[in-house]
Amino acid sequence: MAESAGAGVVTRPIVRVNGLRRRLGATEALAGISFELRRGEIVVLLGDNGAGKTTLLRAMSGLLRPGSGVVLTAGRPVTHSDPVSRAGVAYVGHRVSSYDELTVLENVRFAATLNGIGPADARIKSALRGVELWRFRSRRARELSRGMRQRLELALALATDPAVILLDEPYNALDGRSREAVDALLLERKANAVLLIATHDTDHAERLADRVLLLQRGRLLLDARLDEPGRPPLREMIANAVAAKTPIPEESTQPPPMDSLARHRPGPLAAWRTLVAREFRAELRSREFIPAMVVLGVLMLMGFSMAFIIPPEDAAAVASGSFWASLIFATILGAVRGFAVEHDRGTLQMQLLAPISRAAVFGGKWVVNFVSIGLVGLIVAAVTSGFFRVPFAGLGMVAIVLVAATALATVATLYGALLTNTRARELLAPVLMLPVILPIMIGGVAVSLDTLAVTADSGDPPWLGLVLAYCAILLSLSMLLVDFIFED
Amino acid sequence: MKAVLALTLLAIGASQYMIFGYAPEHRVQGNLQRVFYAHVSTALISYIAFIIVAIGGGMYLARRNVLWDRIARASALIGVVFTTIVLATGCIWGTGIWGACWTWDPRLTTTLVLWFIYVGYLMLRGYIDERERKRRVAAVVGIAGAVIVPINYLSVYWWRTLHPPSTLISGGSGGLEPPMLQTLIVSAFAFLLLFGVLIRLQARLERLSDSVEDLRMAAMKREMEMEA
């Protein structure tokens with residue numbers, strides 16, 4: 001098993017799946033799967049709905065933490081917390097992971113750059129030509145048909161120059177001609193890579209595959225080569241395996257050495273810059289968050305200034321409280337949506353698959369949240385001056401708004417990431433975040449009042465420093481916990 | 001367990017006797033001061049409870065042993081109950097001494113913030129269906145929430161506050177007469193034992209609840225298989 005492959009070619013395995021188990025609820029989605037993959041193979045993964053195909057591919061890509069067992073690529077365990085282990089592995093799932101507001105070329109450049117390939121690299125053009133999307137490169141992804149979008153997903157994967165390509169039902173939205181084009185592309189790629197393709201289509205598998213794996217209820221029932229002479233038809237092999245119901249035994253011997261793998265990775269700064277640049281480009285085009293946050297903040301201020309009868313001597317105190325309440329609600333409703341929107345649209349997957357640390361993903365969103373909250377804070381502060389007729393926009397205010405924005409961005413990014421896949425998250429976000437934000441609000445109000453000379457008390461603690469210290473503690477905790485937050 | 005339960009009941013009985021029969025009446029505050037023994041004891045235990053939530057969460061993330069999650073959740077629930085007692089007894093005392101049940105004093109405010117953080121922690125668990133994910137997310141929220149515990153404790157030193165400073169730490173007996181200090185120690189010990197018993201019972205309840213969920217899921221799966 002160690003050093004063999006079909007057609008007389010002898011290669012070492014590049015992927016080894018060993019005793020992989022994973023439960024999803026009460027179901028054992030993977031019940032001890034073991035197999036190896038070698039460069040130069042197209043392996044088709046067959047199985048009914050719920051057999052465990054998607055779970056297996058997601059575990060192999062590093063998106064899903066196995067319950068037990070291990071996936072090794074070139075001898076290194078693939079884990080969600082080790083970015084290096086994900087380099088050289090590409091996964092195309094059921095959902096689109098490209099960004100609506102970016103063009104086809106921008107999407108592929110983004111994926112390639114996150115995987116350590118330069119934005120002008122020839123592989124980007126080659127991948128787009130391969131899926132016949134080069135002439136549509138300036139079109140926004142949202143303007144593509146479903147089939148074109150599916151091909152774009154393939155281009156996103158191929159542009160990263162992967163040696164292990166995991167494809168989950170890649171033919172679903174494709175017409176006959178596109179299927180043939182994709183088949184030709186995959187056959188071309190197999191010289192330098194291994195492809196594991198999950199599909200229901202047995203006839204297509206028989207035409208395309210060098211080898212077939214059959215999963216049933218999380219067990220591997222068949223692992224057979226299709227390029228051996230005199231083999232029975234695939235349907236007969238499947239029927240025999242299903243009737244026998246004998247799982248392929250888990251590997252127990254000492255594994256032999258594995259094939260090496262070229263792992264491209266971006267530097268941490270380059271990854272961060274790429275993520276931040278994409279965020280700002282998307283916001284500039286979609287204008288989805290900042291304008292809504294500003295309008296909400298101003299509306300709340302208007303509500304406060306109309307709801308209270310404010311004696312002139314109390315105007316500064318009421319203005320201060322109203323400003324912070326407005327900014328905090330705008331933050332909760334706006335900035336917390338960043339990760340949630342990416343999760344809902346499927347785009348977060350592209351970042352989580354890339355060989356970059358989860359901290360970089362968190363950091364990218366944090367920068368955008370910081371800038372958004374800071375900007376909204378400064379605009380709402382200027383409006384507060386007008387509504388309440390107090391000097392609310394001086395340098396002192398700019399300083400406290402920016403300090404508070406660092407802390408608010410940390411809380412919003414942390415809870416935004418935690419609540420991505422939670423029911424009623426719009427309701428739950430304020431419930432969870434407000435108590436944690438309250439110390440920031442208390443500090444903000446105190447500094448504002450000092451700035452407006454409403455209270456000038458030397459006995460008060462150094463609020464600005466306390467808010468910064470609070471932010472530093474929360475940010476450090478977030479960095480420590482970020483791998484667990486994005487585990488699935 | 002029965003021995004611990006018996007010891008807990010004995011300690012509670014002893015503390016009640018000491019609160020109402022042994023500790024002297026406060027010279028200024030009168031009998032109302034006796035609420036202080038339950039107030040301070042439950043406040044101390046709620047700190048311990050919330051620190052256990054963070055430790056349980058951290059251990060769960062590191063080891064993935066469900067026992068740690070059960071301990072964390074049980075501790076959060078009992079911590080919330082004890083914090084409710086802290087707020088209620090504080091309100092009773094404040095009404096008599098300050099003339100107000102509630103004031104936006106830093107210690108009171110941060111105690112209420114703590115209460116909301118762990119109510120949120122318990123609510124969050126009801127909003128996530130997938131058990132492994134629920135435990136993981138709750139662990140992170142429990143760890144992040146514990147940041148408020150030292151802020152709450154230090155609030156009486158950082159800010160000028162109406163709330164009296166720490167009784168046990170500041171200056172030996174903190175100005176308490178020896179019988180009062182002895183009563184406080186016995187009361188805190190009784191509440192600590194009660195906390196231990198409640199954690200044990202609640203964690204067991206969590207385990208049974210998980211087993212019921214497992215059985216329900218297994219029955220559903222078998223039903224689906226039979227239909228197929």
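Two strands pair if DSSP finds at least two bridges between them.

Some housekeeping. This is a predicted model, where local features need pLDDT of at least 70, side-chain atom pairs count only at pLDDT 80 or more, and totals for chains, interfaces and linings use all residues. Residues are numbered from 1 along each chain as its sequence is written, with chains lettered from A and ligands numbered from 1 in the order in which they are written.

Chain A, then. It has an open sheet of four strands, ordered E2-E1-E4-E5, with antiparallel pairing. Strands E2 (27-38) and E5 (76-77) of chain A are at the edges; each has a single partner strand, so one side of each lacks a neighbour in the sheet. Look at strand E1 (residues 13-24) and strand E4 (residues 68-73) of chain A. They run antiparallel, joined by five bridges. A:Val15 sits opposite A:Thr73 in E4(A).

Now two loop residues in chain A. A:Asp161 is not a glycine, yet its phi is positive, near 55°. Its loop runs between helix H5 (146-158) and strand E7 (164-168) of chain A. Buried or exposed? A residue is buried with 20 or more other C-beta atoms within 10 Å of its own, exposed with 12 or fewer, and partly exposed in between; C-beta atoms are placed from the backbone. A:Asp161 has 21 such neighbours, so it counts as buried.

A:Arg287 also has a positive phi, about 45°, and is not a glycine. It lies in the loop between helix H9 (268-286) and helix H10 (290-307) of chain A. A:Arg287 is exposed because 11 other C-beta atoms lie within 10 Å.

Over to chain B, helix H1. Its buried residues are B:Thr8, B:Ser15, B:Met18 and B:Ile19. Down the axis of H1(B), they fall within an arc of 95° (taken from the directions from the helix axis to the C-beta atoms), so they line one face. The face turned away carries exposed residues, including B:Leu10 and B:Phe20.

Last, the interface. 26 residues of chain B are in contact with 26 residues of chain A, meaning C-beta atoms, placed from the backbone, within 7 Å. On the chain B side, helices H4 (106-127), H5 (131-145), H6 (148-158) and H7 each give two or more residues.

How values were computed
Contact = placed C-beta atoms within 7 Å.
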